[in-house]
Amino acid sequence: MELVYGATTVVGGETFSGPVPAANVEFNTIKGFMNGPELRGQNKLIAIVAGQVLEEKPHQEPYHFRVLNESSLVDLTSAITSDRNMRWTAPESDNTTWALFAIMSASPISAAAGPLERGWSEEDDGFLGQSDPFGPGAYKMRVPELKALFDGSFAAGVNMMVIHGYAYGGKYEGTTWSSFTPFQHQFTESWSYRQPAWAHLNDTILYVARNPLVLRTGTPKVDIAFYYYENPYKGTSGESPAYPTGDFNTHGYTFEYIGPNIITSEQTEVRGGILLPDGPAFKALVLYNETLITPDASNTFLKFARQGLPIYIIAEAFSASVLPKHGIVPRASIQGGCDAEDLYTFWRSDATMSGNDFVYLYNSGVSGVFTYEEVYGAIRLTVTLSANQTTIVAFSTISKTSAPHAVFYSSNIERIRETDQGGLEAWVTDISDDARCHAPAADYSRLDGNTTTIDIGVLETLVPWTEIPGLEQASGIGTYVAHFNLSHIHQKAVLIDFGPMLNTLRAWVNGRLVPAIDPADPVSDVSRLVVEGTNTIQIEVTSTLFNAVKASVEHVRSAGDGVKNRAHYADTEWAEFGLVGPVELRILRRIGVY
């Protein structure tokens, strides 16, 4: 419910008689936050109250700040007549003023009267835009974009995530399909069952749940500490950053900022040349271009240096490349000349409890092969990560029975799991398709709109829906079905490469669900799902609601208002969705390792 207010004042001893105070459009406007001035219909009166004014603070018209006597508040709702008039005499006392407030729910003029514009002015768009990196435009965020936001946060050590659901999903005054949308479609994203991807979203949510489960285990470990006096949260961006973006990540180092309160705390210690050894276990401390330092912190730095902690005092550009020369190596050390500028790591150690350490890896750059060593001084590990792919590697200090493992394999091996694999490759052709399109009802009256099934028939090639007649402006769920034959499957590993995922994707082989598919590396092992002879694969992909909103932008209403930023929808090209392939079936030989 959106409230508006009418107000007037009555001098003590005088009588107010007449219509209930009407809602003042300007009085109900807070620039950059609430609704702009607009023509309104008959607002629904909820209550009228009066209170004695103790203090009135001057403010720019039409705003008033009044302090009321709480014990004087009186409910006058019962005094209102059916024609919205009232009569009330304010209690008589010397030099007192009473404020009379009418509280109403906003009821905009019907959408049929024409499009209503409301919201922020152009100069105020940054008020919320700064807090939403994916604005403007509701229903535009793709699930892989949402996952990427999670992945980057995990790499920074964030281990609790919150996503927005619908603010309100029921019937709302002056609202059409696709239901109430806050801020008149200016910002994304409110996730709900009305979006085509909703049925698949649990795959992403479970992924998000599993990662924090690991990232809350044990204690975070960080390579380098930057001392920063003023504000530890400035980081590497904005004006006058604590440390300009450098090459620490390129060389595999993680770093964090600490201030004087931590430095001088009684719990802060250096042991074995390591700062806070039972916590982040910093290997070195850097003061970069610092001009302020407290006397206590200065004395503490001197003590730490005598205890063997490497301290760097830098007044100009500083490269992390000097650290290995001084024996300071990152926990995750990149070998073989690999550039790890876009590879982020986050380390959690639970060695004292479970005997396990966990390393989270996130490749925000191009696909690559990264080789790590200096893990417990003895382990070299090769990790292949596609662009935007993540993985978690676990190490254990507890002695276990040795098992076979590969230290090298030739290029004709597709991947190594419990067995080496190598083999042939085949393509999936003659794919049939149908699509369930989500769109508003013809009169835009139903919040859930219409779901229409369109049979596309056989596709010779996989193309985006924007290139398929009848689906050019569609939002919804597409279902693709194909058949393939296999023989001697006990000797084979079967992988399916689904090609680029434009939003979400689920698949079934012979009616059995394929495990959740990684958008960054959409290849699944279906060896346990295939059978000898004919096999059937069904693939389901979804879109956002962007295209459907774009097609209906002149008719969509939320709380009586049209889409605020219509140009964003009108000027943006139709978004591409669907299964675009190529979808590839890989048949690999199984070779046992003994």
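Phe546 is buried, as is Tyr569 (buried: under 20% relative accessible area; exposed: over 50%; partly exposed: in between; 1.4 Å probe, protein chains only). The model is predicted, so local features need pLDDT of at least 70 and side-chain atom pairs pLDDT 80 or more, while totals for chains, interfaces and linings use all residues. Residues are numbered from 1 along each chain, and side-chain values use heavy atoms, without hydrogens and water.

Rings of Phe, Tyr and Trp (its six-membered ring) pair if their centres lie within 6.5 Å, and planes under 30 degrees apart are stacked, over 60 edge-to-face, the rest tilted. The count by this rule is 13 aromatic pairs. One of them joins Phe226 and Tyr257, a tilted pair with 5.7 Å from centre to centre and 45 degrees between the planes. Phe226 is in strand E9 and Tyr257 in strand E10, so this pair ties together parts 31 residues apart in sequence (strands, at least two residues, and helices, H or I, at least four, are DSSP runs numbered from the N terminus). Phe226 is buried at a relative accessible area of 1%, and Tyr257 is buried at 11%.

Phe546 and Tyr569 make a stacked pair, with 5.3 Å between the centres and 20 degrees between the planes. This pair also links distant parts of the chain: Phe546 belongs to helix H6 (residues 546–551) and Tyr569 to helix H7 (residues 566–571), 23 residues apart.

Back at Phe226 and Tyr257, ring pairs connect these two with Phe248, Tyr253 and Phe255 in a cluster.

Strands E9 and E10 also belong to an open sheet of 4 strands, in the order E10-E9-E13-E14 with parallel pairing (strands pair if DSSP finds at least two bridges between them). E10 (255–258) and E14 (311–314) are the edge strands and have a single partner each, so one side of each lacks a neighbour in the sheet. Strand E13 (residues 284–288) pairs with E14 in the parallel sense over 4 bridges. Opposite Val286 stands Tyr312, in E14. Helix H5 (residues 295–306) packs on this sheet and touches E9 (224–227), E13 and E14 (contact: heavy atoms within 4.5 Å).

Technical notes: Axes fitted to C-alpha atoms, helices over the stretch in contact; angles between N-to-C directions.
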